[in-house]
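Subject: Structure handover

Hello,

Here is the structure I said I would pass on. Please open it first, then read the notes below alongside it.

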Amino acid sequence: MTRSLAVLRLAHGGGTVVLVDVPAVAAGLGVPVPPALESLLATLPADERAICARWAPKRQATFAAGRHALRLALVEAGVVADVDAVGAIGRDDRGAPVLPEHLAHLRRAVSITHKDSVAGALVVVDSASVDTSVDTIAVGCDLELDPVSGRDRHSMAGLARQVLSPHELQALVDDAQQPLDDVSHRRAVLERFSLKEALYKGLDPFVRRYVGFLEVGVHIDVDGAALFTVPDAGFTATGRVLVVPTMPTVVLTTARVQRG
Ligand SMILES: CC(C)(COP(=O)(O)OP(=O)(O)OC[C@H]1O[C@@H](n2cnc3c(N)ncnc32)[C@H](O)[C@@H]1OP(=O)(O)O)[C@@H](O)C(=O)NCCC(=O)NCCS
């Protein structure tokens with residue numbers, strides 16, 4: 001079973017985020033399913049193994065690690081006593097995780113994210129988000145890895161223009177406490193990119209349509225609190241940039257979307 005790399009508690013909103021490692025999957029995939037992946041897949045309930053059975057090993061690994069992170073987060077949040085008590089986590093027609101019936105009251109209060117080496121999950125159990133009768137709140141989380149070296153480091157300018165409006169790009173510079181060097185500019189772009197992806201996961205269950213990056217706006221305060229502007233009247237959304245002290249290259253964000 002994969003270990004927990006970090007457990008973070010959100011200061012506001014009763015959220016818990018757990019990060020786990022994704023077992024290394026052989027590069028090139030020219031080998032049979034590696035033992036680390038095999039043992040991770042073995043921890044999944046049969047219904048979850050069935051969802052990812054035909055996927056490439058690398059994707060099976062992120063799928064399994066994401067679900068394991070969600071199980072751990074449900075334990076950390078005090079929702080269940082242990083990971084075996086969660087049951088099978090399904091997947092809806094738009095890719096969102098679906099909790100089993102006995103946890104249905106939390107169906108929009110959880111979210112999963114992953115990269116090749118690390119996966120994370122968010123569980124929010126404050127009273128406002130746990131509502132079985134009306135769906136008023138949904139949450140999302142996202143993680144990105146800051147490419148401190150390598151080719152990806154140089155592709156940030158392109159990413160910035162794709163995901164941030166000219167106004168947001170200018171605000172990013174204007175809002176900074178001091179002139180941004182390349183590293184902090186890249187980080188600022190990644191934080192906003194990640195926040196918008198976290199927002200998507202919270203917004204999609206309500207609107208069930210593709211929402212483009214330039215359809216939404218985001219502003220981050222000095223304390224990491226974020227405020228979104230969303231295209232659909234009737235929704236408000238806030239977010240947070242989380243610091244993971246032991247993993248400085250991880251950019252981790254959460255979003256909370258409220259109807260009304
Ligand atoms: C769906 C999307 C946000 C996922 O983000 P990503 O960085 O590619 O992937 P992540 O690893 O962070 O997240 C993947 C997980 O998100 C969850 N997810 C996927 N689609 C989802 C949806 N429609 N609603 C909620 N959660 C969803 C799943 O749990 C998935 O993992 P799994 O398939 O292993 O269960 C992204 O692929 C996308 O389509 N973005 C374009 C739209 C967008 O972000 N707009 C921003 C403005 S709102």
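**Ala226 and its strand**

Ala226 stands opposite Gly239 in S10. Before going further, please keep in mind that this is a predicted model.

Ala226 lies in strand S9, which covers residues 225-229. Is Ala226 buried or exposed? Ala226 counts as buried because 23 other C-beta atoms lie within 10 Å, and the cut-off for buried is 20 or more. Leaving aside neighbours within four places in sequence, the residues in contact with Ala226 include Leu195, Val218, His219, Ile220 and Thr238. Ala237 is eleven residues from Ala226 in sequence, and their C-alpha atoms are 8.7 Å apart in space.

In a regular strand, side chains alternate between the two faces of the sheet. S9 has a covered face with Ala226 and Phe228, while Ala225, Leu227 and Thr229 make up the uncovered face.

**The strands on either side of S9**

S9 is joined to S8 by four bridges, and the two run antiparallel. In this pair, His219 stands opposite Leu227. S8 and S9 form a hairpin with four residues between them, and Gly224 in that turn has a positive phi of about 90°.

Leu227 has Thr238 as its bridge partner in S10. S9 and S10 also form a hairpin, with five residues between them, and Gly234 in the turn takes a positive phi of about 100°.

**The five-stranded sheet**

What is the order of the strands in the open sheet of five? The order is S7-S11-S10-S9-S8, with antiparallel pairing. Strands S7 (137-145) and S8 (217-220) are the edges; each has a single partner strand, so one side of each lacks a neighbour in the sheet. From one strand to the next, the twist averages 20°.

Helix H6 (residues 182-207) lies across S7, S8, S9, S10 and S11 (250-259). H6 runs at about 35° to S11.

**The four-stranded sheet**

There is also an open sheet of four strands, in the order S1-S2-S6-S5, with antiparallel pairing. Here the edges are S1 (4-9) and S5 (110-114); each has a single partner strand, so one side of each is left without a neighbour in the sheet. Neighbouring strands in this sheet are turned by 15° against each other on average, direction ignored.

S5 runs antiparallel to S6 (residues 118-124), and five bridges join them. Val110 stands opposite Val123 in S6.

**Helix H3**

H3 (residues 57-76) has 20 residues. From its first C-alpha to its last, H3 reaches 28 Å, close to the 28 Å expected at 1.5 Å a residue. H3 is mostly covered, with 16 of its 20 residues buried. Just after H3, Gly78 has a positive phi of about 80°.

**Around the ligand**

Which residues come nearest to the ligand? Of the 23 residues around the ligand, they are Gly95, Ala96, Ile112, Thr113 and Tyr200. H3, S5 and H6 are the elements that give two or more residues to this shell. H6 supplies the largest share, eight residues. The shell divides into eleven nonpolar, five polar and seven charged residues.

Regards

Technical notes:
Residues numbered from 1 in each chain as written. Predicted model: local features only at pLDDT ≥ 70, side-chain atom pairs only at ≥ 80, totals over all residues. Pairing = 2+ DSSP bridges. Axes fitted to C-alpha atoms, helices over the stretch in contact; angles between N-to-C directions. Contact = placed C-beta atoms within 7 Å. Expected span 1.5 Å × (residues − 1). Buried ≥ 20, exposed ≤ 12 C-beta atoms within 10 Å, placed from the backbone. Near = placed C-beta within 6 Å. Nonpolar A, V, L, I, M, F, W, Y, C, P; charged D, E, K, R; others polar.
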